[in-house]
Amino acid sequence: MIVPLARAWLLWIAVMAPANAQDYPTRPIKLVVPFAAGSVQDLRARHIGGLLGPRLGQPVVVDNRPGANGVIGAALVAKAKPDGYTLLLCTGATLAGNAALIPNLPYDPIEDFAPVIRLVTTSGIVAIRAASSVQTLQQLVALAAAKPGSLRYGSGSSYAHILGELFGRRAGVPLLYVPYKGDGQTLTDLLGGHIDMMFSTPILLVPQIKAGRLRALAIAGPRRLPALPDVPTMSEHGVRNSELLAWAGICGPAATPPSVVKKINREALSAMLSPEVRADVEHQGYEVSANTAEEFRAFIKADMTRIAALVKELGIPLEQ
């Protein structure tokens, strides 16, 4: 009787699994942000959570799990039950950046996650205090050249760290790297005059720039941002090959049911492509990324390869 019972149990699982996935979700969904409240990633998560909740019929609750440059939160989701109720606000920093900079990472960015959708893509901004006497990127480079290794840039993520080193190398000026636990703390110290510059993404910096507290000197991307049309790219300033895109998306634990992945992808894509949301995202300085889960997985693999090669070229030491 054991074998027939076992077969009956397996048959029941096979029959019920699609039904459960089809009924998903039946309770609130937790969206883990591996950085502190008020960070770039936190703001993005709360935005998409507010859009997804009504479409899925259940609230999407943001759960901040900061620490270790995003490793703690990402590792938590990697080990979570793959039922679609624990998701990760994943970024290039938590996956590609950490894989390139942190030895013995407690998760595999490819094997331990089920990519759901890449939400947005953008370029980093080089920002200084508005009260600074520096008006242009050329003036910043000249100042850094006159005082080698004395200009401090703050970094709250592996993305900002790599971009800072990339800018320094391409501009031919050494900069002093000051690590922070998150971009929010970096911004506070920049505004307070404790560091000289920072590299981050538009959702955090554009409001400060438009409020007159910060000055944007350049965009680390292939073209200008619609949110800051008067700010040239680094290439326009003569600092070539300094583009470094940033992105954010949603990932679940590996083995999340494909039907659940497809449902979240479909609803997220519907939300992001709506005219009003798309206009709002572009106003923030981002581009909506329309993609399938399979396309997102291929994108993550390519980004990991590119970032690993860049870290090796720049000689950035691994974090301890």
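A: Pro25 sits in the loop that runs between helix 1 (2-23) and strand 1 (29-33), where helices (H or I, at least four residues) and strands (E, at least two) are DSSP runs numbered from the N terminus. Tyr24 and Pro25 are joined by a cis peptide bond, with omega about 0°. This is a predicted model, in which local features need pLDDT of at least 70 and side-chain atom pairs count only at pLDDT 80 or more, while totals for chains, interfaces and linings use all residues. Residues are numbered from 1 along each chain as its sequence is written, and side-chain values use heavy atoms, with hydrogens and water left out.

The chain has an average pLDDT of 91, and 93% of the residues score at least 70; pLDDT is the predictor's confidence in each residue, from 0 to 100. Over residues 1-19, however, pLDDT stays under 50, and the model has one contact beyond four places in sequence for that stretch, a contact being heavy atoms within 4.5 Å. Where pLDDT is low, the predicted coordinates should not be read in detail.

On a 1 Å grid over the protein atoms alone, a cavity is a set of points where a 1.4 Å probe fits but cannot get out, a pocket is an open set with protein on both sides within 12 Å along at least five of seven lines, and lining residues have an atom within 4 Å of a point. Grid points are joined across faces, edges and corners, and a volume is the space filled by probe spheres set on the points.

The largest cavity has a volume of about 200 Å³, and of the 18 residues that line it, Val40, Thr91, Thr201, Ala246 and Trp247 lie nearest its centre. Two or more lining residues come from each of helix 2 (40-56), strand 3 (86-91), strand 4 and strand 9 (245-253). Its lining divides into nine nonpolar, seven polar and two charged residues, where Ala, Val, Leu, Ile, Met, Phe, Trp, Tyr, Cys and Pro count as nonpolar, Asp, Glu, Lys and Arg as charged, and the others, Gly among them, as polar.

The second largest cavity has a volume of about 90 Å³, and Gly92, Ala93, Tyr159, Asp303 and Ile307 lie nearest its centre among the 13 residues of its lining. Helix 4, helix 6, strand 9 and helix 11 each give two or more residues to that lining, which by class has nine nonpolar, three polar and one charged.

Helix 4 (residues 93-101) and helix 6 (residues 158-171) also meet directly, their axes coming within 8 Å and crossing at roughly 60°. Axes are lines fitted to C-alpha atoms, for helices over the stretch in contact, and angles run from 0 to 180 degrees between N-to-C directions. Helix 4 and helix 6 are therefore oblique to each other, since angles under 35 degrees count as roughly parallel, over 145 as roughly antiparallel, 65 to 115 as roughly perpendicular and the rest as oblique. From helix 4, Ala93, Gly97, Asn98 and Leu101 meet Ser158, Tyr159, His161 and Ile162 of helix 6, a set with four nonpolar, four polar and no charged residues. In the loop between helix 4 and strand 4 lies Asn104, whose phi is near 55°, a positive value in a residue other than glycine.

Finally, helix 2 also holds His47, which, leaving aside its neighbours within four places in sequence, is in contact with Val277, Asp280 and Val281.
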